[in-house]
Each structure stands twice: as C-alpha cells, then as structure tokens.
Amino acid sequence: MDKQQAIIDEIPGLRRFARGLSGNRELADDLVQDCLERALAGLGTWQENTNMRAWLFTILRNLYFNQLRALSRRPNEISYDEHQELMSGTQPTQMDALMVRDLESALNQLPYKHREVVLLVGLEGMNYKDAAEVLGVPTGTVMSRLSRGREMLKNLMDNDNHNGRRSDKPPLRSVK
Amino acid sequence: MSTSRHMSDADLNAYVDGELDDVSRTELEAWLATHPEDAARVEVYRQQNKGLQDLFGAAIDEPVPEKMLDLVKNPRPAKSAGRPAWMQTAAAAALLLAGSAGGWSLRGLQDAPQIAATPTYVERAAGAYTVYAAEVARPVEITADREDFLVAWLSKRLGNPLKAPNLNSLGYELVGGRLLEDSGKPAAQFMYENSAKTRVTVYVLTYEGKDTSFKFSDTSGISVFYWIDKPFAYALAADLPRQQLEEISRLVYENISR
C-alpha cells in the first residue's frame, strides 16, 4: 500500500514531464498510463529504499524514447504537420503568450538529449544526481548537457528576435 | 569585491538549480554582482524555467485522472497487466511448441526427469556474470553508445547475426558488451543495468543442438535462465530471485525473436 501511495504521489510530476517531452496532453497521459502499468508489473524489481521518483521517471523516459525510435523507423506514420499539430494545445498563463510559444518552439528544436535534461532539472526541479540516475549517465554529463541545452534555448530565442520575427517583443532576458 | 576564481557555465547552472553549498553560493553571488553578463544569463535561465512551468506546469494542479488512480490502486493480475503483448505473439506460440507438454510451466520442465545436467555454458555465463557485473570501472569492453558497432562486432565473431535485446520496458538499459571465450569458442556478453544499479547479463554463443524452452539453474548461486534458439544458446544471469529473472527472460526472448 505504501508503494502504491508513493507511486500516486509522483503522478502529477510524471504528467508534467511527459507533457514537456511529448508536447501534447493526450500523448503525455497515455505515456504516464503506460509507465504506471510497467511500474506495477515491475514493482517486484523495485528495491525498497531506492529512489521511487527516479525509477518512475526512468521508466517513462525509456518508454518515450522507445516510441520515438519506433516512429523514426516508420517515418511516415506521423507527418511533420501532424506532429506540429500534436505539439500545440498548451495554455500559457503567466508569461507573455508569444514568448512562451517561442520557448516551446525553441524547446522542440533542441536535440532530444538536451531537451530531456532541461525538462528534468528546469521543469521538474530534479537534482543533478537523480537526473543522472534517470538518464543513466554520469552527473558531469547531466551538467554539460544542461549547460548546453540552456545555451541553445537562449540562442534559439535570441535568433528569433534578431531575425525580425516578433521583433516587437523584447528578448527574454528583459522580461520581468 | 572580486572572487578568487573564474565562474564557469557549470557554476552558473548549479547556482540556478540550487546545487551549490552556502560558501559557493555566496562566492557566486559576489561574482554576479560584478559580472552583469553572467547575471543576465542566470536571469535568462530562470526565465526559461519559469516559461517551462507556464507551458507544462498545469499538470501539477489538475486532479489525477481516475483511470490512473484506479490502475495503481487496483492493479490487475500480472497476466493481463504486464505481459499481454508477447503472450499473443507467434514467437510465444513457437516457444510453447518448442517446449514440452508442460509448455510455459517452467517448474514442470525443471522437475522432469529427462532433463540432462546443466550445460557447461550455463556455468560459464554465471561465472562471467560474477566477474564482470561486479566490475565498477570497466564492466564492458564496448559501451552502449556504440551499440551498432558492438552488435556488428560480436555478430562477426560469433558467425551469426546477433541482437542486443532491448530491456528498457523493465527499466534495464544496455551498458554494453564484451567478447568472451567459452570452451575455445567465442561467446558474447551483453550487460544491462537498472536505476537501482542491479545488473543483468545476457550470454550468447553459437550452439549445436535442438531448440529448448526455458530452464532455470541457480547452482552457482547466481540465477540463470537458459535456452537454445538456433543458432544460439542463451543464458540470462543475475543476482535476482527466480521470479524476477523469469520476467526478464520472457522479454529477452520476445525481443530476440522479433
């Protein structure tokens, strides 16, 4: 029962991370549902006193990665336009809506390995050690990917502005 | 005031992420006070985090869907929840046919009197697990980031096309693999690890003999499921209870025969 509650406690974070990864609410919740099924089926392999959160995020991340790989083997399954359509549908609330769209589009342009670490640390607030566990890489790799990912996001958003697109908007750094 | 060392990108990120201790944080804040460009970057990173929350954070406040709660609170029996897909595959049917009348009943098979002594490769697989799974610095020769090369190389040495099974769905990621020697012949070992650092190895060698269904051995203190699926013999080894290893061996089998 404790294990079940521990899993339930992580669901909101899993849903948020899955939305960040997939960019789509329905896809994200399907991913979480699959993740929970896997977790319950494999609960026997989960060891007491190890990190339930990192374990669940690892499963979810691996499921998503497998789906991506499956899609990339069958590239015609989802066209680019369909993908873009699937990616839309989030509702920015506090930040300027266009600015958030810029961030979203920049995020979608990040290579997968940078996107996932930016989401785990920047969105989920996961510490470096746990993120390293989820991604199966050393902490130093988490740090270098994170640093690179944030710099890429920054440059992508700066470029959008410099190229005159939405030039009426100030660059992100001046947003209060 | 100036600080004694130059702050790196990693320092700025660690500051944003609350990964610095008090001393380093104080030092970094002093640095930011005199380095406006770095201070601006810190602000950009913070705004990125805030923007990510604006994009995706709503998930935190939404009630958890009933479907998810129900799944966790009332897990269905393992048969329908965990392993439906592969049970329906032709591969599974083939395995059942290859097995005895006991089919998937592993215990029945193991207890059957006609079962011969454990083949030597099973002991080799258990031995190789003991030696290499305990290895911290260099558990594998070729790491998983060169998976294509690893598989191509081992396939060439074993003389038949190999596959590195994908065990991600059970939380095990490929660490890498190595070439081993077994009675003068080449054998391959793939190593996997889960987030709890539990390691599992898949040992493969080219083998003459009839296909067999899964058999279990723990004579060497390591759990091993082994089977023959021509042209290879497989042995899955781990320091895990039989039941857990059984689940993994099903996935390995499903993966390889796909």
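Visitor: Which residues are exposed on the other side of helix 10 of chain B?
Guide: They are B:Thr120 and B:Val131. Exposed means over 50% relative accessible area, buried under 20%, and partly exposed in between, with a 1.4 Å probe and protein chains only. Helices (H or I, at least four residues) and strands (E, at least two) are DSSP runs, numbered from the N terminus.

Visitor: Before we continue, what should I know about the model and the numbering?
Guide: This is a predicted model, in which local features need pLDDT of at least 70 and side-chain atom pairs count only at pLDDT 80 or more, while totals for chains, interfaces and linings use all residues. Residues are numbered from 1 along each chain as its sequence is written, chains are lettered from A and ligands numbered from 1 in the order in which they are written, and side-chain values use heavy atoms, with hydrogens and water left out.

Visitor: Back to helix 10 of chain B, then. Which of its residues are buried?
Guide: B:Tyr121, B:Val122, B:Ala125, B:Ala126, B:Ala128, B:Tyr129 and B:Ala133 are buried. Viewed down the axis of helix 10 of chain B, these buried residues fall within an arc of 160 degrees, so they line one face of the helix. The arc is that of the directions from the helix axis to the C-beta atoms.

Visitor: What covers the buried residues of that helix?
Guide: The cover of helix 10 of chain B includes strand 2, strand 3, strand 4, strand 5 (215-217), strand 6 (223-229) and strand 7 of chain B.

Visitor: And helix 11 of chain B: what span should it have, and how far apart are its end C-alpha atoms?
Guide: Its 12 residues (147-158) should span 16 Å at 1.5 Å a residue, and the end C-alpha atoms are 16 Å apart, which agrees. The expected span is 1.5 Å times one less than the number of residues.

Visitor: Which residues of helix 11 of chain B are buried, and which are exposed on the other side?
Guide: Buried are B:Leu150, B:Val151, B:Leu154, B:Ser155 and B:Leu158. They fall within an arc of 125 degrees seen down the axis of helix 11 of chain B, so they line one face of the helix. On the other side, B:Asp148 and B:Lys156 are exposed.

Visitor: What do those buried residues pack against?
Guide: In chain B, the buried residues of helix 11 pack against strand 1 (142-143), strand 2 (173-182), strand 3 (185-193), strand 4 (199-206) and strand 7 (232-238). Contact means heavy atoms within 4.5 Å. After helix 11 of chain B comes B:Gly159, whose phi is positive, near 80 degrees.

Visitor: Changing topic: why is the pair of B:Phe214 and B:Trp227 called tilted?
Guide: Rings of Phe, Tyr and Trp (its six-membered ring) pair if their centres lie within 6.5 Å; planes under 30 degrees apart count as stacked, over 60 as edge-to-face and the rest as tilted. By this rule there are 11 aromatic pairs over all chains. The rings of B:Phe214 and B:Trp227 have centres 4.4 Å apart and planes at 35 degrees, so the pair is tilted. B:Phe214 is in the loop between strand 4 and strand 5 of chain B and B:Trp227 in strand 6 of chain B, 13 residues apart.

Visitor: How does B:Trp227 pair with B:Tyr234, stacked or edge-to-face?
Guide: The pair is stacked, because the ring centres of B:Trp227 and B:Tyr234 are 5.4 Å apart and the planes are at 20 degrees. Both residues are buried.

Visitor: Which residues form the aromatic cluster?
Guide: B:Phe214, B:Phe216, B:Phe225, B:Trp227, B:Phe232, B:Tyr234 and B:Tyr253 form one cluster.

Visitor: Which peptide bond is cis?
Guide: The bond from B:Lys230 to B:Pro231 is cis, with omega near 10 degrees. B:Pro231 is found in the loop between strand 6 and strand 7 of chain B.

Visitor: And where is B:Lys197, and is it buried or exposed?
Guide: B:Lys197 is in the loop between strand 3 and strand 4 of chain B. B:Lys197 is exposed, with a relative accessible area of 53%, and its phi is positive, near 65 degrees.

Visitor: Finally, how many residues of chain B are in contact with chain A?
Guide: 49 residues of chain B are in contact with 61 residues of chain A.
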